[in-house]
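Biologist: Before we go through this chain, could you show me how to read its features one by one, with the general idea ahead of each case?

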Amino acid sequence: MLRIAVPNKGSLSEPASAMLHEAGYRQRKDRRELVLVDAENEVEFFFLRPRDIAVYVGSGKLDIGITGRDLLLDSGSPAEEILQLGFAGSTFRYATRPGTAKEVTDFGGMTIATSFSGLVRQHLADNGVDASVVHLDGAVETAIQLGVAEIIADVVETGTTLRNAGLEIIGEPILKSEAVVIRGTGAPDDDPKVRQFLRRMQGVLVARRYVMMDYDIRVEHVEKAVGLTPGLESPTVSPLHHEGWVAVRSMVPSKDAQRIMDELYDLGARAILTTGIHACRL
């Protein structure tokens with residue numbers, strides 16, 4: 001069986017399980033379950049702490065896993081990302097009191113508090129900065145107020161928490177993270193079970209980004225209409241019983257669907273419908 005690590009809690013857990021369910025895999029009904037066997041799909045799921053997933057996958061104990069890019073890089077484990085999943089996005093940045101520093105190169109001799117010490121140490125080394133790093137498990141924004149550090153490195157969403165603590169963001173982001181599928185470094189690229197899993201997950205990603213659009217239009221306007229709805233390969237165009245009209249079917253990005261419907265209507269298209277896509281293979 002393919003052995004897959006899945007986050008058991010936190011911001012990664014529910015979106016990961018929802019995506020796996022959409023991909024046709026069984027998911028646990030009891031959050032206390034640590035192992036779930038999906039015999040029909042020949043997969044065994046292990047529900048683990050998100051921070052531990054890269055370690056298990058990198059050691060070869062599990063074949064692949066779902067975790068955050070930040071957690072993968074922070075672990076230092078011999079694992080690599082092989083698919084971006086498009087959820088749990090975050091930005092990792094430095095912050096400090098105004099006037100303390102302007103760029104990462106100003107951090108020399110200072111102390112930095114963070115929950116991602118491995119990631120920060122690597123970033124400092126990449127920039128040739130000699131600074132101390134203190135590992136904290138959470139609430140790092142209080143480290144400056146309590147005198148533990150001059151700088152913090154943390155996940156930033158809106159920046160409101162930092163501003164409320166009297167801090168400002170410094171320099172460019174250390175990392176932009178999201179949920180990713182990972183495998184051990186050096187694992188074979190041609191594992192058919194892994195390839196099948198990736199195809200399913202990619203199918204979910206496409207299904208979430210696109211809708212199927214159907215409409216009727218006069219034949220003399222088909223070329224302009226197809227220019228608005230080119231599809232992934234090419235749209236399907238079928239003659240209608242009423243002479244001079246055709247039916248067109250095409251996949252369009254869901255974020256653009258309403259605008260495209262307006263433009264098609266202005267072009268003379270009628271009976272314009274959109275349908276959700278639940279699964280696909282490209």
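The dialogue below takes up domains, strand pairing, salt bridges and a surface patch.

Biologist: What kind of model is this, and how are its residues numbered?

Modeller: This is a predicted model, in which local features need pLDDT of at least 70 and side-chain atom pairs count only at pLDDT 80 or more, while totals for chains, interfaces and linings use all residues. Residues are numbered from 1 along each chain as its sequence is written, and side-chain values use heavy atoms, with hydrogens and water left out.

Biologist: Which domains does the assignment give?

Modeller: Domain bounds come from an automatic or database domain assignment. Here the assignment gives domain 1 (1-85 + 176-205), domain 2 (88-175) and domain 3 (209-274). The centres of domain 2 and domain 3, taken over C-alpha atoms, are separated by 50 Å.

Biologist: What does UniProt place at residues 207-278?

Modeller: UniProt positions are given in the numbering used here, with feature names shortened, and annotations may be inferred rather than shown by experiment. From an unreviewed entry, the record places "domain: Histidine biosynthesis HisG C-terminal" at residues 207-278. In the model, the chain over residues 207-278 is 29% helix and 40% strand, and its end C-alpha atoms are 6 Å apart.

Biologist: How should I read the pairing of E12 and E14, and in which sense do they pair?

Modeller: Helices (H or I, at least four residues) and strands (E, at least two) are DSSP runs, numbered from the N terminus, and two strands pair if DSSP finds at least two bridges between them. E12 and E14 pair in the antiparallel sense over nine bridges, with Ile217 standing opposite Val246 in E14. Strand E13 (residues 236-239) also runs antiparallel to E14, joined by four bridges, and Val237 has Val248 in E14 as its bridge partner. The hairpin of E13 and E14 has five residues between the strands, and in this hairpin Gly244 takes a positive phi near 95°.

Biologist: How many salt bridges does the structure hold, and what does the one between Arg249 and Asp214 tie together?

Modeller: A salt bridge is a side-chain nitrogen of Lys or Arg within 4 Å of a carboxyl oxygen of Asp or Glu. The structure holds 14 salt bridges. In the one between Arg249 and Asp214, the closest N and O atoms are 2.7 Å apart; Arg249 lies in strand E14 (residues 245-253) and Asp214 in strand E12 (residues 210-218), so the pair ties together parts that are 35 residues apart in sequence.

Biologist: Is Asp214 buried or exposed?

Modeller: Buried means under 20% relative accessible area, exposed over 50%, and partly exposed in between (1.4 Å probe, protein chains only). Asp214, at 18% relative accessibility, counts as buried, whereas Arg249, at 42%, counts as partly exposed.

Biologist: Where do Asp74 and Arg51 lie?

Modeller: Their side chains meet in a salt bridge (3.0 Å, N to O). Asp74 lies in helix H3 (residues 69-75) and Arg51 in helix H2 (residues 50-59), so this pair joins parts 23 residues apart in sequence. Asp74 counts as buried at 13% relative accessibility, while Arg51 is partly exposed at 28%.

Biologist: Which residues form the nonpolar patch on the surface?

Modeller: Patches are made of residues with over 30% relative accessible area and no salt bridge, like charges being joined within 9 Å and nonpolar side chains (Val, Leu, Ile, Met, Phe, Trp, Tyr) within 5 Å; accessible areas come from the Shrake-Rupley method with a 1.4 Å probe, and for residues only the protein chains shown count as cover. Met1, Leu34, Val35 and Val37 form the patch, with about 340 Å² of accessible area together. Met1, found in the segment before strand E1 (2-7), is partly exposed, with a relative accessible area of 45%.
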